[in-house]
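Please consult the sequence and the structure while reading.

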Amino acid sequence: MSLTPEQVQQVAHLARLELKPEKTTLYAQQLSNILAMVDQLTAVDTRGVMPMAHPLELTQRLRPDLVSEPNRREAYQAHAPAVEAGLFLVPKVIE
Amino acid sequence: MSLHQLSLTAMAAGLAAKQFSSRELTQHYLARIAQFDDQLNSFVSVTPEIALMQADAADARLAAGGVGLLTGIPIAQKDIFCTTGVRTACGSKMLDKFVAPYDATIVRKLHSDSGMVMLGKVNMDEFAMGSSNETSFYGPVKNPWDLSCVPGGSSGGSVACVAAGLAPVATATDTGGSIRQPAAFTNLTGIKPTYGRVSRYGMIAFASSLDQAGVVARSTEDAALILQAMSGFDALDSTSIERPVDDLVTGLGQSIKGLKIGLPKEYFADGMAPGVRTCVEAAIAQLKVLGAVVSEISLPNAPLSVPTYYVVAPAEASSNLARMDGVRFGHRSQEARNLEELYKKSRGEGFGAEVQRRIMIGTYVLSHGYYDAYYLQAQKVRNLIYQDFKRAYETVDVILAPTTTGTAFKFGDNSDDPVAMYLNDIYTIAANLAGIPAMSLPCGFSEGLPVGFQLMGNYFDEARLLNVAHQYQQATDFHTQSPKEFV
């Protein structure tokens with residue numbers, strides 16, 4: 001599988017990454033090489049094999065539905081790039 | 001013998017006997033960092049105020065008595081572990097100004113619970129993605145054995161500072177070999193425990209089904225002491241294992257007579273440098289002398305580890321790194337005119353090239369139309385790799401393999417070719433995919449550069465792995481050697 005610079009731009013859009021136009025050709029070549037290495041997986045016979053998402057057979061632990069966390073809004077917003085009145089600021093979304 | 005040449009046990013004895021104080025010990029290391037780290041770039045943040053405050057607290061506790069063995073002993077923290085009040089940058093411009101509002105569980109366990117002293121935060125590949133420490137926003141770390149060579153990665157700062165005696169021991173993390181490969185490149189002992197044994201809470205996530213924290217040290221005994229203090233169940237990590245921690249330290253003296261060691265033939269095929277092969281074969285011979293019974297085994301799917309990993313790990317990374325959006329924390333672009341531009345520009349400016357590549361590969365293999373062919377297929381092959389190990393441990397106790405194909409390479413040798421760089425982890429990745437414990441320890445030198453070999457154990461068999469490694473180190477002195485310029 002090889003990727004064109006246009007496909008790289010499309011993947012970057014899906015990943016919400018802005019790429020400099022001059023970088024897409026190199027990325028296309030590098031990503032194609034990685035996918036070519038990965039392509040050896042397609043030859044493996046995996047009929048009847050269960051996909052393994054995780055190394056251990058775990059079930060999600062549950063806890064009682066009780067309030068356990070104090071409100072730490074100020075601490076969690078202290079490192080935010082822009083906040084006002086306890087809210088995170090982003091550029092205007094609705095005109 | 002200088003303070004920085006002591007084992008952790010000897011340091012603890014010295015502190016207990018009042019031969020030196022934790023403050024003196026800490027000052028000794030801070031002075032060495034000031035003297036040598038310009039050459040290595042292993043620390044991204046040195047924290048003398050915190051270190052001396054913790055050292056004084058440790059001295060007070062030592063004077064009162066009844067403290068644990070690690071009280072007052074310094075340690076360096078990989079900059080992937082969140083530390084309240086001290087920047088946690090994870091090697092990235094994205095987090096260059098990030099100060100976490102909480103401590104990672106292992107930070108709490110090592111400092112608050114065990115009384116260790118934090119010297120600072122050490123350099124690493126950006127978001128732990130790399131095998132040479134060349135992807136760090138803070139510049140590459142140099143290998144103390146040869147300053148023109150990489151220290152390995154991603155835990156490059158951890159190994160460089162310990163190998164050079166700028167810290168007695170350091171934490172590290174391993175998603176595909178990031179503890180074991182750098183340990184092999186710098187003559188250290190490094191262990192990645194079973195997945196779920198050490199809490200991942202507060203450890204910045206790269207690939208959550210593979211990431212595991214561990215330690216790099218100058219001996220197995222030192223590594224065991226730290227791993228013991230780091231391990232254990234943590235309700236704050238949903239994949240933490242509810243199972244008591246074995247005693248990793250007091251069992252180190254056992255004979256390995258009759259121990260069954262398997263040599264996977266796939267790991268001893270072509271690809272290993274002759275100098276590495278010679279050292280690894282000598283290690284096998286030494287273990288035979290100690291009474292181990294060695295046999296050839298097969299892990300037929302192991303050669304598929306690298307392609308499997310480079311689907312699974314980027315897929316998980318692309319999801320984990322989605323949280324870096326320029327809104328709640330991390331780098332925020334000043335150029336954005338709308339919300340989509342804010343995301344795209346913040347991420348485009350904040351992430352380096354290797355991280356961007358992995359995010360794109362991950363996004364691609366998870367995208368509509370490719371999910372089954374790549375991601376689902378990789379998860380199935382991962383199961384085959386896991387089954388290989390399960391079968392192997394029915395007949396052997398421990399699996400032995402090389403850690404790396406060669407010794408530390410020169411800066412720039414692999415940095416233009418991602419696939420060549422990825423193949424560095426060909427021997428280490430399978431253990432992460434299966435989730436088993438694995439370690440690397442020194443077994444000689446090739447043209448002046450250290451060589452390591454790898455021991456892989458069954459699930460939760462850290463105590464046995466460490467005992468085998470300790471027995472080997474009782475019979476050999478490779479691990480006691482240090483780089484000459486940093487004595």
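Q: What makes E7(B), H8(B) and E8(B) a right-handed β-α-β unit?
A: In this predicted model, strand E7 (residues 260-264) and strand E8 (residues 293-297) of chain B run parallel, and E7(B), H8(B) and E8(B) together make the unit. The unit is called right-handed because, with the strands pointing away from the viewer, the path from the first strand over the helix to the second runs clockwise.

Q: Why is strand E6 (residues 212-217) of chain B called largely enclosed?
A: A residue is buried if 20 or more other C-beta atoms lie within 10 Å of its own. In E6(B), 6 of the 6 residues are buried, so the strand is largely enclosed by the rest of the structure. B:Gln212, B:Gly214 and B:Val216 point one way, B:Ala213, B:Val215 and B:Ala217 point the other way, and all are buried.

Q: Which strands pair with E6(B) in the antiparallel sense?
A: Strand E4 (residues 170-174) of chain B is joined to E6(B) by 5 bridges, and the two run antiparallel; here B:Asp174 stands opposite B:Gln212. E5(B) also pairs with E6(B) in the antiparallel sense, over 3 bridges, and the bridge partner of B:Thr189 in E6(B) is B:Ala217.

Q: What is the span of helix H15 (residues 462-475) of chain B, and what span is expected?
A: The helix has 14 residues and reaches 20 Å from its first C-alpha to its last, close to the 20 Å expected at 1.5 Å a residue.

Q: What makes H15(B) mostly covered?
A: Of its 14 residues, 11 are buried, among them B:Leu465, B:Leu466 and B:Tyr472. The elements that cover the buried residues include helix H7 (220-230), helix H8 (274-289) and strand E10 (438-446) of chain B.

Q: How many residues of chain B are in contact with chain A?
A: There are 53 such residues in chain B, in contact with 43 residues of chain A. On this side of chain B, H12(B) gives the largest share, 12 residues. The residues of this side divide into 28 nonpolar, 16 polar and 9 charged.

Key: Residues numbered from 1 in each chain as written. Chains lettered and ligands numbered in written order. Predicted model: local features only at pLDDT ≥ 70, side-chain atom pairs only at ≥ 80, totals over all residues. Helix = DSSP H or I, 4+ residues; strand = E, 2+ residues; numbered from the N terminus. Expected span 1.5 Å × (residues − 1). Buried ≥ 20, exposed ≤ 12 C-beta atoms within 10 Å, placed from the backbone. Contact = placed C-beta atoms within 7 Å. Pairing = 2+ DSSP bridges. Nonpolar A, V, L, I, M, F, W, Y, C, P; charged D, E, K, R; others polar.
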